[in-house]
Amino acid sequence: MTGPTSAELRQAILHDFERLMEHIAQWRQVGLLDVDVTMPQARCLIFVGLRPALPISSLASHLHIGLPAASGLVERLVEAGYVERNVDPLDRRHQLLTLSEGGRALVDRFHELSSERLGDLLRGLSAAELRGLRLGVAALEREARAYESPAEPSHESPTEPTHPERTPA
């Protein structure tokens, strides 16, 4: 009897990962209970923190909202002191978003809360499970880098494409 196929394993991993992300989202929501930001504002802060000098149009695209809604969201975060708007030096008609010191502290707090909870979960795993998870996470990180920079060589064998479903951008 054979084990699950690669496709079946990928589907199971995607399902499990989705459930894990639901837990992480819940942990972040608990962390939001004592701060004055909504979940959409928290998502905005986290994304701005990942992409310094972010145009508002890119934020709107990432959050799947219109430019007016993104502008309103940003305005509330600017008023709260979490985000700063700066004029784009290459095109003065555009504004670029960065986290303020207070915004960075809040995003760091979200990440710390998630890391603490994830650390608690990792302590419940055996050494063998930790080794397997470490290999899997490292492989995913490698594939994420290759996906973002397709010119980088893959560590996979040349007979098996790293990204068979992906089309070039």
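Student: Which residues of the largest nonpolar core touch the most other members?

Tutor: The general idea comes first: in soluble globular proteins, nonpolar side chains tend to be buried together. In this predicted model, the largest nonpolar core holds 24 residues, and Val37, Leu45 and Leu59 touch the most other members. Two or more residues of this core come from each of helix H2 (39-50), helix H3 (56-63), helix H4 (67-79), strand E3 (91-99) and helix H5 (101-123). H2 gives the largest share, six residues.

Student: What does Leu59 touch, not counting residues up to four places away in sequence?

Tutor: With those sequence neighbours set aside, Leu59 touches Cys44, Phe47, Val48, Leu54, Val74 and Leu97.

Student: Which residues in H2 and H3 meet?

Tutor: From H2, the residues are Arg43, Cys44, Phe47 and Val48; they meet Ser58, Leu59, His62 and Leu63 in H3. By class, the residues of this contact of H2 with H3 are five nonpolar, two polar and one charged.

Student: How far apart are the axes of H2 and H5, and at what angle do these helices pack?

Tutor: The axes of H2 and H5 are 10 Å apart, and the packing angle is about 100°. H2 and H5 are therefore roughly perpendicular to each other. In H2, Ala42, Leu45, Ile46 and Gly49 meet Arg104, Leu106, Val107 and Phe110 in H5. The residues of the contact of H2 with H5 comprise six nonpolar, one polar and one charged.

Student: How many helices and strands does the chain have, and in what order do the elements run?

Tutor: There are six helices and three strands in the chain. Read from the N terminus on, the order of elements is α-α-β-α-α-β-β-α-α.

Student: What percentage of the residues in the chain is buried?

Tutor: Of the 169 residues in the chain, 24% are buried.

Student: What share of the contacts with a separation of 6 or more joins residues 24 or more positions apart?

Tutor: Residues 24 or more positions apart make up 41% of those contacts in the chain.

Key: Residues are numbered from 1 along each chain as its sequence is written. This is a predicted model: local features need pLDDT of at least 70, side-chain atom pairs count only at pLDDT 80 or more; totals for chains, interfaces and linings use all residues. Side-chain values use heavy atoms; hydrogens and water are left out. A nonpolar core is a set of buried Ala, Val, Leu, Ile, Met, Phe, Trp, Tyr and Cys residues joined through side-chain atoms within 4.5 Å. Buried means under 20% relative accessible area, exposed over 50%, partly exposed in between (1.4 Å probe, protein chains only). Helices (H or I, at least four residues) and strands (E, at least two) are DSSP runs, numbered from the N terminus. Contact means heavy atoms within 4.5 Å. Ala, Val, Leu, Ile, Met, Phe, Trp, Tyr, Cys and Pro count as nonpolar, Asp, Glu, Lys and Arg as charged, and the others, Gly among them, as polar. Axes are lines fitted to C-alpha atoms, for helices over the stretch in contact, and angles run from 0 to 180 degrees between N-to-C directions. Angles under 35 degrees count as roughly parallel, over 145 as roughly antiparallel, 65 to 115 as roughly perpendicular and the rest as oblique.
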